[in-house]
Amino acid sequence: MATLQERIAAKQKQVSGGSYSNFEKIPDGKSRFRILPHWSDPEDIPAQDFGKHFVRDATGSVKATYICLAKTRGEECPICSTIYQAESLTSDESVLATLKDAKASLRFIVNALPYDAGKKGHKSDPVLIDMPKTVFQSLMVNAQEYAESEDINIFDLAEGYDVIINRDGKGMNTVYTLAVAPKSSPVDAGVMDKITNLDEFVDNEIARDKVSAITAVKTLAGPAGVAISALPLATVSATIVPAAEISDADLANALEDSVEADVDELDLSELDLDELDDAS
């Protein structure tokens, strides 16, 4: 088990954490990790949905990043709403392209312990892995197969299995494959004292720079931004990262996985057509 000093250091890192740049991108070629159990409930899926708005100027330079509440918490996201409003108010193709690029893609973050092939064992410190949706889906498929056919929890510290992820290609042509290691391997239980509580991680992200987010997206929208309706600033959730602090991995993630956000379908189930007839 971890010493008191190690636990204190881990807690300090956890409390001060909350930055997208702390994530590790899956490297090129083959890499091996143990996906660690859920931070508070060993029976829960050990991952956190996550989305981030990357806002660029006309030159493609990233000016700020914002957490996406829709992708991360399944809640209404004021940044998404502002982007949709701006799109409806402009016909400028360059502005529309920039706004589309600012939408968030769904990703997943997990606590993972890297495997050191040279030493033929796991490293001592866990990391946060940023998983594209395709990789996470493959992880879930494999976890389900082992649970159903072998009654094995691949995330278990004592009897679980590592996963081997292969990354090939660049940009939109990147292809990932995930496989479960052929043999189980134990992981020191003390590693759980070092992992990140991803609920707290997201809370820290949400708490940052709430008011500035809407203003930045309105500025991005150009002239259309003036006409965007005011949104309740108390609900704005964003993390602004100065461009100088955005890592190459952040930029690579955003370029690779920038996709148009899903638009909720209109719910007509409660619409009273009789009232509409009366009104006419």
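Predicted model: local features only at pLDDT ≥ 70, side-chain atom pairs only at ≥ 80, totals over all residues.
## Confidence of the model

The chain has a mean pLDDT of 77, and 71% of its residues reach 70 or more; pLDDT is the predictor's confidence in each residue, from 0 to 100. Over residues 12-21 the pLDDT is below 50, and this stretch has 26 contacts in the model beyond near neighbours in sequence. Contact here means heavy atoms within 4.5 Å.

Residues are numbered from 1 along each chain as its sequence is written, and side-chain values use heavy atoms, with hydrogens and water left out.

## Overall architecture

The chain contains nine helices and 10 strands. Helices (H or I, at least four residues) and strands (E, at least two) are DSSP runs, numbered from the N terminus. Of the contacts with a separation of 6 or more, 70% join residues 24 or more positions apart.

Of the 280 residues in the chain, 43% are buried. Buried means under 20% relative accessible area, exposed means over 50%, and partly exposed lies in between (1.4 Å probe, protein chains only). The chain exposes about 15,100 Å², of which carbon and sulfur atoms supply 51%; accessible areas come from the Shrake-Rupley method with a 1.4 Å probe, and for residues only the protein chains shown count as cover.

In helix H4 (residues 93-101), the buried residues are Val95, Thr98 and Leu99. Seen down the axis of H4, these residues fall within an arc of 100°, so they line one face of the helix. The arc is that of the directions from the helix axis to the C-beta atoms.

Helix H6 (residues 198-206) buries Leu198, Phe201, Val202, Glu205 and Ile206. Viewed down the axis of H6, the buried residues fall within an arc of 135°, so they line one face of the helix. An α-helix has 3.6 residues a turn, so residues three or four places apart point the same way. The N-terminal end of H6 is capped by asparagine 197, which has a side-chain oxygen 3.0 Å from the backbone nitrogen of aspartate 199.

Strand S9 (161-168) and strand S10 (residues 175-184) pair in the antiparallel sense over seven bridges. Two strands pair if DSSP finds at least two bridges between them. Aspartate 168 stands opposite valine 175 in S10. The hairpin has six residues between the strands, and glycine 169 takes a positive phi near 100° in it.

## Loop residues

Most residues other than glycine have a negative phi. Lysine 120, in the loop between strand S6 (107-116) and strand S7 (121-122), has a positive phi near 55°. Lysine 120 counts as exposed, at 70% relative accessibility. Aspartate 151, in the loop between helix H5 (133-150) and S9, also has a positive phi, near 55°, and is exposed with a relative accessible area of 70%.

Aspartate 156 lies in the loop between H5 and S9 and is partly exposed, with a relative accessible area of 29%. The side chain of aspartate 156 reaches the backbone nitrogen of glutamate 159 at 2.7 Å. Aspartate 156 and proline 37 are 119 residues apart in sequence, yet 6.7 Å apart in space, C-alpha to C-alpha.

Methods: Polar contact = N/O pair within 3.5 Å; in protein donor to acceptor, adjacent residues only side chain to side chain.
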